[in-house]
Amino acid sequence: NVEINSASFLYRQVRKMIGAAVNAANGQIPLNKLRDMLDNPIKYYDDNSTLILNPNGLFLKCVEYDDTNLN
């Protein structure tokens, strides 16, 4: 299982992040590129060099709001 928490997400970001991790584990992308992708997701938003996982099995577990973000 993988749990990812964030204040916000880009479209397909989680599927791309896990797909990139699978690519790195299979040796298809170097670990330093994976680290850069995680640190700079907007830079790689249109990068199609990594796997985008199928959404099957992916579900939204919880949504939490901070009152300061709602104003």
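Modeller: A residue is called buried under 20% relative accessible area, exposed over 50%, and partly exposed in between, with a 1.4 Å probe and protein chains only. The model is predicted, so local features need pLDDT of at least 70 and side-chain atom pairs count only at pLDDT 80 or more, while totals for chains, interfaces and linings use all residues. Residues are numbered from 1 along each chain as its sequence is written, and side-chain values use heavy atoms, with hydrogens and water left out.

Tyrosine 11 is exposed because its relative accessible area is 57%. This tyrosine 11 is placed in the segment before helix H1 (13-25); helices (H or I, at least four residues) are DSSP runs numbered from the N terminus, as are strands (E, at least two). Together with Leu10, Ile42 and Tyr45, Tyr11 makes a nonpolar surface patch of about 420 Å². Patches consist of residues with over 30% relative accessible area and no salt bridge, where nonpolar side chains (Val, Leu, Ile, Met, Phe, Trp, Tyr) are joined within 5 Å and like charges within 9 Å. The accessible areas come from the Shrake-Rupley method with a 1.4 Å probe, and for residues only the protein chains shown count as cover.

The charged pairs come next. Side chains of opposite charge can pair when their charged atoms come close. A salt bridge is a side-chain nitrogen of Lys or Arg within 4 Å of a carboxyl oxygen of Asp or Glu, and by this rule there are three salt bridges. One of them joins glutamate 3 to lysine 61, with the closest N and O atoms 3.5 Å apart. Glutamate 3 lies in the segment before H1 and lysine 61 in the segment after helix H2 (31-39), so this pair ties together parts that are 58 residues apart in sequence. Both glutamate 3 and lysine 61 are exposed.

Arginine 35 counts as exposed because its relative accessibility is 52%, whereas aspartate 39, at 49%, counts as partly exposed. Aspartate 36 and lysine 43 also meet in a salt bridge, at 2.8 Å from N to O. Lysine 43 is exposed, since its relative accessible area is 58%.
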